[in-house]
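Have the structure open while you read.

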Amino acid sequence: MAEGSSRRRGRPRIEGALSGQKKRIIQPALHEQAVNKLRELIVRGELKAGERIAESAVCEAFGISRTPLREALKLLMAEGLVELRPNRGATITPLRAPEMAALFETMSGIERFAAELAATRLSKTEIRRLHSLQERMERCFEAGDRDGYFRINQDIHRLIVTGAKNEVLASTHAWLLARAERARYLALHTRTRWAESVAEHRAILAALEEGNAPLAGRLVGDHVAHTSDTVITTLVHLEDEAARPAE
């Protein structure tokens with residue numbers, strides 16, 4: 001009797017636990033969607049640096065509750081895109097020149113090393129994939145499609161790093177790339193730098209195809225450094241404009 005009673009009492013607890021599991025499966029999907037949507041708005045500059053994120057407005061626009069939104073904001077904070085302050089909510093993190101200089105310096109070193117490894121480890125299939133991405137990226141450039149260009153550009157950088165066949169290197173790079181994404185997009189607002197980037201990518205692809213590790217590494221390192229120079233120059237200019245007294 002006691003055993004049967006225990007089973008009957010236990011069944012609702014099991015059903016309750018399973019019901020909770022269903023929510024935990026659905027919930028990450030919601031906050032991941034919110035992360036992706038907010039990240040895109042921040043990277044594209046539609047949400048400006050220093051701007052406060054109105055939780056109620058975002059929840060209404062995305063059709064989600066505050067719980068997945070706040071989970072999303074925590075992830076964006078880890079990527080350096082959002083700042084969370086007590087009693088002030090979430091604001092868009094400003095792009096600060098000293099921080100970006102340090103970030104791109106690190107990116108340059110990591111991507112240089114990755115390219116050196118990739119030059120001897122990329123498969124023929126991966127090389128063909130890089131050629132295809134390069135062609136698509138150049139078509140976006142010719143059409144003035146900045147967003148399309150940027151997405152493919154990011155894919156190329158990821159493929160070079162994953163081509164190094166080093167999981168630690170790839171995971172470290174993924175974390176850095178998320179933090180640098182907004183600044184890299186900013187660099188494309190300079191048409192001159194955009195054109196230079198296309199030519200640099202062509203040279204990088206040729207070095208990788210030849211299996212020339214030292215050259216591939218140097219070209220990738222220089223490419224990231226050139227992007228950094230453009231970003232820092234742009235940020236300093238914007239900071240100077242902001243500090244200038246209104247006439």
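## Charges over rings

Start with arginine 44, which sits over the face of tyrosine 185, 5.0 Å from the ring centre. To count as a charge over a ring, NZ of Lys or CZ of Arg has to be within 6 Å of the ring centre and within 35 degrees of the ring normal. Lysine 37 does this too, lying over the face of phenylalanine 62 at 5.0 Å from the ring centre.

## Where the values come from

This is a predicted model: local features need pLDDT of at least 70, side-chain atom pairs count only at pLDDT 80 or more, and totals for chains, interfaces and linings use all residues. Residues are numbered from 1 along each chain as its sequence is written, and side-chain values use heavy atoms, with hydrogens and water left out.

## Rings that pair up

How many aromatic pairs does the structure hold? There are three. Rings of Phe, Tyr and Trp (its six-membered ring) pair if their centres lie within 6.5 Å; planes under 30 degrees apart are stacked, over 60 edge-to-face, and the rest tilted.

Phenylalanine 141 and tryptophan 194 make an edge-to-face pair, 5.3 Å centre to centre with 80° between the planes. Phenylalanine 141 is in helix α5 (residues 124-143) and tryptophan 194 in helix α8 (residues 191-210), so this pair links distant parts of the chain, 53 residues apart. Helices here are DSSP runs (H or I, at least four residues), numbered from the N terminus.Tyrosine 149 and tryptophan 194 are also edge-to-face, at 5.3 Å and 80°. Tyrosine 149 lies in helix α6 (residues 146-162), so its pair with tryptophan 194 ties together parts 45 residues apart in sequence.

## One buried cluster

Phe141, Tyr149 and Trp194 form one aromatic cluster. Buried means under 20% relative accessible area, exposed over 50%, and partly exposed in between (1.4 Å probe, protein chains only). Phenylalanine 141 counts as buried at 16%, tryptophan 194 at 2% and tyrosine 149 at 0%.

Methods:
Helix = DSSP H or I, 4+ residues; strand = E, 2+ residues; numbered from the N terminus.
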